[in-house]
Amino acid sequence: MQPLLKVENLVKNYAAGRSARSKDKLAALDGVSLSVLPKTATALVGESGSGKSTLAHCIACLEHPTSGSISFEGIDLAALDEDQLRLLRPQIQLVFQDPAGSHNPRWTALEIVSEPFFIQGRFTKPDRAVRALQLLDRVALSRKMASRRPSELSGGQKQRLAIARSLALEPKLIILDEALSALDCSVQAQISNLLLELQSSLGLTYLFITHDFRMAAHLADQIAVMHRGRIVESGPAENILRSPSHETTQALLGATSRLVESPGVLVHA
Amino acid sequence: MRYFLRRTLHAVFLLFGVSLLTFLFSALTPGNYFDEMRLNPQISQETVAALRAQYQLDRPLPVRYAHWLKAAVRGQLGFSFAYNSPVAPLLWVRARNTLLLTITATFLSWLLALPLGVWSASKFGRAPDRVLSSATAALLVIPDLALALGLLILAVRTGWFPTGGLVSLSFDELSAFQKIRDLALHMALPVTALVLATLPMLIRHVRASVAEVLDAPFLRAAQGHGIPHRKLLYSYALRAAANPLISLFGFSVGTLLSGSLLVEVVMSWPGLGPLLLESILARDLYVVIGSVLFSMIFLVGGNLFADLLLYWADPRIRAAASAK
């Protein structure tokens with residue numbers, strides 16, 4: 001099967017420090033290769049600072065990689081100009097970690113989910129409202145919530161709203177950048193179940209960025225482990241969880257099971 | 001509506017307080033307009049005392065204030081000793097000239113500050129941003145007075161601009177178009193001085209507020225939906241950053257007004273500035289109070305306008321106001 005997303009030898013450098021003269025570069029991504037098959041969920045696991053979010057931003061075309069290539073459905077993203085990119089952007093959507101900052105505080109939930117329609121100029125005005133309400137329905141936000149502003153929603157509701165917004169343009173790939181990390185356990189479970197349900201009904205592909213192996217085990221078919229801007233280990237989730245070969249994976253797994261105090265959870269998944 | 005009412009009430013109360021304080025301070029300053037006459041041997045002490053009585057300067061302070069306030073509500077602001085005429089008409093003309101300067105300068109400086117600040121924020125930390133930031137920092141440390149004097153020297157050396165006054169002597173004989181041109185030429189220098197004095201502060205604020213929201217995930221999300229870059233900057237980021245900037249607008253009116261007083265004196269623009277200075281030196285009590293009051297009305301008006309803008313621009317404030 002042809003991969004939906006193929007990342008090859010991706011490098012992203014940041015200038016270290018704010019001084020222009022400094023020639024030192026900080027390599028956030030140091031030759032990352034990754035491929036994601038359609039309708040699968042891949043978890044990208046790593047400690048903070050390992051380059052996961054930078055990778056996510058590069059894939060979502062929010063940042064330009066220094067070198068290397070990203071192709072989506074066989075199209076090289078770097079070769080697209082602004083206008084072509086604008087047409088492609090709806091295919092790849094990002095859900096952010098921070099539920100509070102994810103939404104324009106001035107708008108109501110309904111305005112927030114219909115915003116993508118306005119940006120892409122899709123549908124007529126009454127149509128947009130109908131579709132926006134359907135989207136809220138999809139993520140189990142009641143009609144009552146439609147007129148509320150983000151400050152009147154809970155963290156979990158905000159994240160549901162963000163997911164609804166990311167679904168608006170019928171994307172193929174959704175990147176969830178630590179999207180569950182800021183939520184408490186029971187809400188995490190609700191939202192991850194929602195994500196699984198959406199995946200099977202809409203045929204979505206997920207790239208799931210997390211530092212939490214438990215979440216990765218619950219949601220992902222494939223796991224890739226990142227360490228200092230490189231992918232150090234990748235493969236089917238079960239294999240990685242059962243027999244981690246790289247020390248980073250072992251360390252991260254160790255940390256997770258110590259926290260949970262029941263390694264059984266991992267095996268169960 | 002109640003929001004507006006509350007704001008207006010607040011403004012009126014503020015004006016009342018300012019009038020009381022100005023009255024108190026100017027009346028309690030040692031010396032008055034007639035002290036100089038008293039030193040003049042050709043004027044008898046009786047005449048001076050009679051004049052003082054005529055202008056009620058011999059009455060106790062609270063009585064004088066009450067008297068003045070009663071007249072002020074009807075639009076009469078007392079009598080100028082020096083001009084020997086009522087204060088209000090005198091002030092109207094001057095206030096109009098000051099407004100002409102400050103409104104033009106406010107408009108121009110925001111017109112420049114918004115795009116420059118947004119542009120700077122979008123290049124945050126990169127070369128263009130650093131160049132602009134250094135430039136604004138440099139402008140910020142030049143005192144307004146030096147700026148005004150520098151521009152005046154430029155005008156004298158080049159002869160491109162008139163060096164003072166509102167219009168040329170031959171103004172009345174000019175055609176309508178020439179009149180506008182003449183006025184614009186006269187305004188050019190003081191307006192430039194005012195704009196240069198406020199612009200750096202405004203640019204820095206716009207840059208900081210926009211840069212702060214530019215990294216917000218909701219803007220990233222909009223970008224991810226494919227919003228054009230320019231629209232992202234002006235329609236999304238600027239609007240999200242607007243609240244502190246709108247409040248700054250009220251404040252900038254204040255800075256421009258006080259800057260205007262100075263610039264008017266240096267560039268001999270017939271506004272409130274020279275009149276205020278003159279009347280303070282001459283202890284022309286009611287003119288001082290009137291000038292300060294007019295400046296305050298502009299300032300309060302500017303802030304009231306900013307409050308209204310805020311109400312109009314932010315649905316959250318509208319919702320909160322209508323919920324009450």
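I started with helix H9 (residues 217-224) of chain B, which is mostly covered, with seven of its eight residues buried. For "buried" I used 20 or more other C-beta atoms within 10 Å of a residue's own, with exposed at 12 or fewer and partly exposed in between, the C-beta atoms being placed from the backbone. Helices are DSSP runs of H or I with at least four residues, strands are runs of E with at least two, and both are numbered from the N terminus.

A note on what I am looking at: this is a predicted model, where local features need pLDDT of at least 70, side-chain atom pairs count only at pLDDT 80 or more, and totals for chains, interfaces and linings use all residues. Residues are numbered from 1 along each chain as its sequence is written, and chains are lettered from A and ligands numbered from 1 in the order in which they are written.

**H9 of chain B, continued**

I listed the buried residues of H9(B): B:Pro217, B:Phe218, B:Leu219, B:Arg220, B:Ala221, B:Ala222 and B:Gly224. What do the buried residues of H9(B) pack against? I found S6, H3 and helix H5 (155-167) of chain A, together with H8 and helix H10 (229-240) of chain B. After H9(B) comes B:Gly226, with a positive phi near 95 degrees.

**Chain A against chain B**

I next looked up the contact between the chains, which takes 23 residues from chain A and 16 residues from chain B. Contact here is two residues with C-beta atoms, placed from the backbone, within 7 Å. On the chain A side, the elements giving two or more residues are strand S6 (92-95) and H3. H3(A) supplies the largest share of that side, four residues. By type, the chain A side divides into nine nonpolar, six polar and eight charged residues. I counted Ala, Val, Leu, Ile, Met, Phe, Trp, Tyr, Cys and Pro as nonpolar, Asp, Glu, Lys and Arg as charged, and the others, Gly among them, as polar.

**Two helix pairs**

The axes of H3 (residues 109-120) and H4 (residues 125-138) of chain A come within 9 Å and cross at roughly 115 degrees. Axes are lines fitted to C-alpha atoms, for helices over the stretch in contact, and angles run from 0 to 180 degrees between N-to-C directions. H3(A) and H4(A) are therefore roughly perpendicular to each other; the cut-offs are under 35 degrees for roughly parallel, over 145 for roughly antiparallel, 65 to 115 for roughly perpendicular, and oblique for the rest. H3(A) passes H4(A) in a right-handed crossing, where right-handed means the near helix is turned clockwise from the far one by less than a right angle, and left-handed means anticlockwise. Among the residues that meet are A:Val113 and A:Phe117 in H3(A) and A:Ala132 and A:Leu135 in H4(A). The contact of H3(A) with H4(A) holds eight nonpolar, one polar and two charged residues.

In chain B I checked H7 (residues 144-158) and H8 (residues 176-214), which pack at about 145 degrees with axes 9 Å apart. Their crossing is right-handed. From H7(B), residues including B:Leu147, B:Leu151 and B:Ala155 meet residues of H8(B), including B:Leu189, B:Ala193 and B:Leu196. This contact divides into nine nonpolar, one polar and one charged.

**A:Ala43**

A:Ala43 is in strand S3 (residues 41-46) of chain A. Is A:Ala43 buried or exposed? It counts as buried, because it has 26 C-beta neighbours inside 10 Å. Leaving out residues up to four places away in sequence, A:Ala43 touches A:Phe208, A:Thr210, A:Ala216, A:Leu219, A:Ala220 and A:Ile223. The C-alpha atoms of A:Ala43 and A:Leu219 are separated by 7.8 Å, though the two residues are 176 apart along the chain.

Most residues other than glycine have a negative phi, so I noted the exceptions I came across. A:Cys61 has a positive phi near 60 degrees. A:Cys61 sits in the loop between helix H1 (52-59) and strand S4 (67-72) of chain A, and is buried, with 22 other C-beta atoms within 10 Å. B:Arg283 has a positive phi of about 55 degrees. B:Arg283 lies in the loop between helix H12 (272-282) and helix H13 (285-313) of chain B, and is partly exposed, with 19 other C-beta atoms within 10 Å.
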